[in-house]
Amino acid sequence: MNERIVIIDQIDPQTFYGVNNSNISLIRNLFPKLRMAARGNVIKVIGEESETADFEKKVKQIEAYAVKYSKLTEDVIIDIVKGEAPKEKNIDGVIIFGQNGKPIAPRNANQARMVRSFNENDLTFALGPAGTGKTYIAIALAVAALKNREARRIILSRPAVEAGEKLGFLPGDMKDKIDPYLQPLYDALEDMLPAVKLKEYMESGTIQIAPLAFMRGRTLNDAIIILDEAQNTTTHQMKMFLTRLGMNGKMIITGDVTQIDLPRHTRSGLLQALNVLKGVKGIGRIEYEKKDIVRHPLVQRIVDAYEEREEADNAAHDAPEKKD
């Protein structure tokens, strides 16, 4: 008799075992000649060497499927154990399969250009109004690179400009103070990774979320680095961030140059970087438009209304005053 240890290390055991351990119970029934014990991410099997070897091979195939599609069904398990290839999902254009197998793919031409730019360049600027999905696509690309072992870490950052002095009045330690400001990044991650796996990644430092000030002095190798809301960086902050890029790393910088919240007379580091780095090899630039907004249709109408009011206010301000 042979004893073999199989470790589930690419997906959280809760997803692999299924609700009420339904998946592992099915696997146990499909291998009736083996004695099996599963605890945590470790499965121990005892039986003939050929049987335990086949068990390990099939379990790893099941795990790989679950990692790829973020979903595992009884039909898939049965097909793999029987040696039949499970039916592949349509993956044309899909960046990653999120929670419960939800396909995440570009929803417009500029999102597709952003995916191509990420694949072809080490630095991509994604510019445009809120609601165009630029941050969401950036995080999807980073999670896909992590799953495909093209990167070892994901670093997500934002300048904490809007919080400013208010940070000191929020309760808790520094993490508690900055977490609300970084919530949009958490929301995207939670849409793409199971809660258990996300927690594991956060605790191990595989995924790090931090304000821009925490980036100083670091060299980020083998990482996908995303800077969100970059229009609110100063020129010094942007230069500092850009020089954090290490070997085998990639950066995505997102921002909306019409929504700069810096103090008056403070120049946006994003605007300067776009000017200074124009034409530099290895840098891509995607410019989203209002028509690319992928949120509720009302969002685009709200953006239009505010722009019309701003144009009207500017015209009124610039109009010469009438003299009596």
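## Secondary structure and overall dimensions

The protein chain has 12 helices and 11 strands, where helices (H or I, at least four residues) and strands (E, at least two) are DSSP runs, numbered from the N terminus. This is a predicted model, in which local features need pLDDT of at least 70, side-chain atom pairs count only at pLDDT 80 or more, and totals for chains, interfaces and linings use all residues. Residues are numbered from 1 along each chain as its sequence is written, and side-chain values use heavy atoms, with hydrogens and water left out.

Taken along the principal axes, the box filled by the C-alpha atoms of the protein chain is roughly 105 × 45 × 40 Å. The accessible surface of the protein chain is about 18300 Å², and carbon and sulfur atoms hold 50% of that surface. Accessible areas come from the Shrake-Rupley method with a 1.4 Å probe; for residues, only the protein chains shown count as cover.

## Burial and contacts

The protein chain has 324 residues, and 44% of them count as buried. Buried means under 20% relative accessible area, exposed over 50%, and partly exposed in between (1.4 Å probe, protein chains only).

Among contacts in the protein chain with a separation of 6 or more, 70% are between residues 24 or more positions apart. A contact means heavy atoms within 4.5 Å.

## Helix H4 and its partners

Two packed helices are described by the angle between their axes and the distance between the axes. Axes are lines fitted to C-alpha atoms, for helices over the stretch in contact, and angles run from 0 to 180 degrees between N-to-C directions. Helix H3 (residues 49–69) packs against helix H4 (residues 74–81) at an angle of about 140°, and their axes are 9 Å apart. The crossing of H3 past H4 is right-handed; a crossing is left-handed if the near helix is turned anticlockwise from the far one by less than a right angle, and right-handed if clockwise. On the H3 side the contact is made by Lys58, Gln61, Ile62 and Tyr65, and on the H4 side by Val76, Ile77, Ile80 and Val81. The contact of H3 with H4 has six nonpolar residues, one polar and one charged. Ala, Val, Leu, Ile, Met, Phe, Trp, Tyr, Cys and Pro count as nonpolar, Asp, Glu, Lys and Arg as charged, and the others, Gly among them, as polar.

Helix H2 (residues 22–30) also meets H4: their axes come within 10 Å and cross at roughly 25°. That makes H2 roughly parallel to H4, a term for angles under 35 degrees. H2 passes H4 in a right-handed crossing as well. Asn23, Leu26, Ile27 and Leu30 of H2 make this contact with Glu74, Ile77, Ile78 and Val81 of H4. By class, the contact of H2 with H4 has six nonpolar, one polar and one charged residues.

## Residues in loops

Gln99 sits in the loop between strand E4 (96–97) and strand E5 (103–104). Its relative accessible area is 29%, so Gln99 is partly exposed. The C-alpha atoms of Gln99 and Ser70 are 6.1 Å apart, although the two residues are 29 residues apart along the chain. Leaving out residues up to four places away in sequence, Gln99 touches Glu190, Asp191, Met192, Leu193, Pro194 and Ala195.

Most residues other than glycine have a negative phi. Arg149 has a positive phi, near 60°. Arg149 lies in the loop between helix H6 (134–147) and strand E7 (153–158), and it counts as exposed because its relative accessibility is 62%. Glu229 also has a positive phi, near 55°. The loop between strand E9 (223–227) and helix H10 (235–242) holds Glu229, which is partly exposed at a relative accessible area of 26%.

Key
Parallel < 35°, antiparallel > 145°, perpendicular 65-115°, else oblique.
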